[in-house]
Amino acid sequence: MKPSKRVAVVGVDLTPAGDDAIFECLRLMMAGAIETLHVLHVIDPKAIIDHGDRRTLESGDEALRRAPAMVEGRVRDLAEYAGLSVDTTRVKGHGRLGDPGATLLQMCIDYDADLLIVGTHGRRGLDRILLGSVAEQLVRKARCPVL
C-alpha cells in the first residue's frame with residue numbers, strides 16, 4: 001500500500017450534485033484528511049457551440065481557460081456559505097475537454113490521488129440505461145477509493 005499524500009480529486013459539473021461533492025471535500029479538508037484538492041470540471045466537446053464568428057476550437061479554448069478560476073471560485077463560495085474556514089490555496093482548479101469518466105480517471109493518475117470524490121444525479125431506470133452512470137464507471141475502474 002502506498003503512503004498517503006492526502007491528495008483528492010473531485011469532479012464537479014456545476015450542479016447541486018457537484019456542490020454536494022465539494023461540501024464533502026471541504027469537510028474532509030477541515031478534518032485534515034485532504035491536504036491538496038484538485039477540482040475538475042470536464043467540458044463535453046459536444047457542448048461547445050460554434051458561435052459563427054468564432055470557430056468551435058476557440059470557444060473550447062475560452063471555456064477551458066475560464067474553468068480553473070470558475071471552479072476555485074465555486075469552492076470558495078460554498079466554503080463561505082457553509083461558514084467553513086478552509087485554506088483555499090490548497091485547492092487547484094482544472095478544466096479539461098473530454099469524456100467525464102475517462103478524464104477523471106486520468107486526473108487521478110496524473111496527480112497520484114488517494115481519493116476520488118464525485119456527486120451523483122441518482123438516475124434510475126431508462127435514464128441510467130441510456131445515459132450510464134459516470135459514478136458507477138469510476139467505482140469500477142478507479143485505482144483509488146471513490147466516495
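Modeller: We shall take the sheet and then the cysteines. This is a predicted model, in which local features need pLDDT of at least 70 and side-chain atom pairs count only at pLDDT 80 or more, while totals for chains, interfaces and linings use all residues. Residues are numbered from 1 along each chain as its sequence is written, and side-chain values use heavy atoms, without hydrogens and water.

Biologist: What is the order of the strands in the open sheet?

Modeller: Helices (H or I, at least four residues) and strands (E, at least two) are DSSP runs numbered from the N terminus, and two strands pair if DSSP finds at least two bridges between them. Here, 4 strands form an open sheet in the order E3-E2-E1-E4, with parallel pairing. Strand E3 (91-97) and strand E4 (115-118) are at the edges with a single partner strand each, so one side of each lacks a neighbour in the sheet.

Biologist: Over how many bridges do E1 and E4 pair?

Modeller: Strand E1 (residues 7-12) pairs with E4 over 4 bridges, in the parallel sense. Gly-11 has Val-118 in E4 as its bridge partner.

Biologist: How many disulfides does a search of the whole structure find?

Modeller: A disulfide is a covalent bond between the sulfur atoms of two cysteines; the criterion is a pair of cysteine sulfur atoms within 2.5 Å. The search of the whole structure finds 0 disulfides. For Cys-108, the closest cysteine sulfur, in Cys-144, lies 4.1 Å from its own sulfur, too far for a bond.

Biologist: Is Cys-108 buried or exposed?

Modeller: Buried means under 20% relative accessible area, exposed over 50%, and partly exposed in between (1.4 Å probe, protein chains only). Cys-108, with a relative accessible area of 8%, is buried. Cys-25 also counts as buried, at 0% relative accessibility.
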